[in-house]
Amino acid sequence: MTYHQDQTDVIIVGGGLAGLTAAAFLARSGRRVVLYEKAHDIGGRAQTQRKNGFYFNLGPHALYRFGEGVKVLRELGLEFNGHFPKLNGVLIKKGQPHPLPFQPLSLLTTKVLSWPAKWQVMRLMAALPKIDPVPLESLTVRDWFEEQGFNADTRMYLQALIRLATYTADIEHQSAGATIAQVQRAAAGNVLYVDNGWQVLVDGLRRLAESAGAIIESGARVTAIDWTGEQGVSGVRLADSSTRAAAAVIVAASPAATQTLVGQPSLIDRWAKAAIPVKAAVLDVALKRLPRPETTFALGVDQPLYLSVHSAAAHLAPEGGALIHTAKYLDSADPDPQLAEQELAGLLDLTQPGWREEVVEQRFLPDMTVINALIPAEQGGLLGRPGPEVPGIAGLYVAGDWVGPVGMLSDASLASARQAAQLVQDYLAQQPPLSLELSSIEIKSNSFELA
Ligand SMILES: Cc1cc2nc3c(=O)[nH]c(=O)nc-3n(C[C@H](O)[C@H](O)[C@H](O)COP(=O)(O)OP(=O)(O)OC[C@H]3O[C@@H](n4cnc5c(N)ncnc54)[C@H](O)[C@@H]3O)c2cc1C
């Protein structure tokens with residue numbers, strides 16, 4: 001019965017945080033797991049590249065300390081060192097820097113807000129922890145602003161904070177409930193920059209999965225999922241034309257990739273068509289030294305721009321060096337990526353004059369998908385997000401930052417991966433054991449070959 005040992009319970013497509021997390025949970029519960037990642041390196045968007053002693057995440061990456069992601073990582077026993085960002089910096093309005101008004105007293109003195117706006121913002125900040133976001137899931141952020149009677153100044157300021165916490169500039173579609181929940185999380189728990197970059201999380205998850213017996217194959221692209229309406233999932237096809245059998249499959253990739261793999265028209269078509277990606281252009285810069293060590297953070301109020309010296313908080317640069325992430329939050333109508341590069345370089349000129357002479361490495365990524373799908377109010381907010389179950393295809397599950405009712409960004413990837421793993425466990429527990437079926441075939445036919 002050597003065939004039994006080769007049998008796979010679960011195939012996971014995609015080796016980003018979601019796929020690796022699902023692999024770790026399932027392997028730990030004794031399931032035979034194989035994960036296929038099409039890229040040469042695992043990690044997806046959580047990869048960190050090491051260059052000249054600097055750790056480059058793919059744009060600015062921060063873990064929400066009170067988010068579900070940290071809980072999932074702790075539950076798996078994954079160790080990492082995280083630090084609060086150093087928010088010594090400025091808000092930028094009309095091209096001018098202003099001290100950050102994140103404390104009540106500085107809010108009173110800031111020139112970024114008019115008096116009526118200061119009053120509205122202070123009232124909102126005091127009420128924020130008590131707002132119940134659930135009834136606001138189906139309301140857009142814009143409609144919520146309307147409902148609250150916020151003036152133009154207040155809206156502009158709140159939009160900057162919302163972009164910071166959610167990456168989402170599109171207040172016409174985004175759910176107010178999901179947005180408020182994320183801003184509450186950020187305000188209550190802050191975020192953590194991770195020493196040596198998010199690769200630490202990727203490598204840690206891989207170690208956990210492999211030490212529990214999961215097989216992880218990179219450079220292995222899955223081209224299709226085999227399934228029928230009656231029997232559900234039976235396995236996957238790989239780019240080398242081979243097939244692999246499994247009782248369940250988790251796709252931990254984008255909605256569009258999932259739709260391609262599933263093929264025939266299905267509910268996933270609708271999920272993929274409805275997904276509005278959240279995008280950013282990022283300029284990551286490694287410097288020999290920071291020209292202005294006192295300025296480690298900047299946020300645009302009237303422009304969707306962000307800058308943070310991540311190495312001021314976490315170990316991401318060699319002694320004396322600085323790793324700065326800058327980003328432009330893009331909306332779907334954003335015209336010109338080259339313009340974003342100039343704007344981000346301009347933000348560095350304003351906050352770190354002389355930075356160009358200190359550059360060791362720099363990398364511009366014009367069109368990064370930060371989240372595969374924003375959370376539309378129209379579909380009921382977080383509660384309307386798809387999956388992890390795929391109705392109509394037994395044994396097929398999805399995981400990722402567009403899946404499930406919990407969290408945003410990587411929190412959603414990690415939470416949906418844990419949930420998908422649990423659902424797979426429940427599903428497999430209801431399936432007749434494969435070994436019994438095979439032995440009964442053997443009994444009926446003595447000549448049946450399994451090798
Ligand atoms: C610029 C930027 C900034 C971000 N900042 C933050 C932040 O501050 N906080 C936060 O929480 N999150 C942040 N994120 C989001 C975070 O990186 C993602 O939510 C998370 O890494 C997604 O993990 P995932 O596994 O769901 O998806 P991915 O990382 O996209 O992994 C999917 C994997 O599937 C593989 N794949 C696809 N198709 C196939 C196939 N057919 N066969 C085999 N493999 C396949 C892909 O190669 C990929 O490796 C940021 C992202 C970006 C881009």
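## Terms and model

Strands (E, at least two residues) and helices (H or I, at least four) are DSSP runs, numbered from the N terminus. With that naming, N52 lies in the loop between β3 (48–51) and β4 (54–57).

This is a predicted model, in which local features need pLDDT of at least 70, side-chain atom pairs count only at pLDDT 80 or more, and totals for chains, interfaces and linings use all residues. Residues are numbered from 1 along each chain as its sequence is written, and side-chain values use heavy atoms, with hydrogens and water left out.

Two strands are said to pair if DSSP finds at least two bridges between them. Seven strands form an open sheet with mixed pairing, in the order β8-β7-β16-β17-β18-β15-β19. The edges are held by β8 (96–99) and β19 (359–371); each has a single partner strand, so one side of each is left without a neighbour in the sheet. Direction ignored, neighbouring strands of this sheet are turned by 20° against each other on average.

V282 has L365 in β19 as its bridge partner.

## Helices on the sheet

Two helices are described here by contact (heavy atoms within 4.5 Å) and by angles, which run from 0 to 180 degrees between N-to-C directions; the axes are lines fitted to C-alpha atoms, for helices over the stretch in contact. Helix α7 (residues 152–166) packs on the sheet and touches β7 (89–93), β16 (297–300), β17 (305–309), β18 (322–330) and β19. The direction of α7 makes about 125° with that of β16.

Helix α12 (residues 337–351) also packs on the sheet, touching β7, β8, β15, β16, β17, β18 and β19. The direction of α12 makes about 45° with that of β15.

## Domain 2 against domain 3

Domain bounds come from an automatic or database domain assignment. That assignment gives domain 1 (2–46 + 200–275 + 374–440), domain 2 (51–84 + 192–196 + 276–371) and domain 3 (103–188). The C-alpha centres of domain 2 and domain 3 lie 23 Å apart, and 20 residues of domain 2 are in contact with 17 residues of domain 3.

Buried area is the accessible area (1.4 Å probe) that two parts lose on being put together, summed over both. Between domain 2 and domain 3 this area is about 1,500 Å², of which carbon and sulfur atoms give 71%. In domain 2, Y64, V301 and Y329 lose the most area to domain 3, together 40% of what that side buries. β15, β16, β18 and β19 each supply at least two residues of the side of domain 2 that touches domain 3; β16 gives the most, with three residues.

## The three-strand sheet

An open sheet of three strands has the order β5-β9-β6 and antiparallel pairing. β5 (63–64) and β6 (82–83) stand at its edges with a single partner strand each, so one side of each is left without a neighbour in the sheet. Two bridges link β6 to β9 (residues 191–194), and H83 has Y193 in β9 as its bridge partner.

## Backbone exceptions

Most residues other than glycine have a negative phi, and most peptide bonds are trans. N52 has a positive phi near 50°. The peptide bond from G387 to P388 is cis, with omega near -5°, and P388 is found in the loop between β19 and β20 (396–398).
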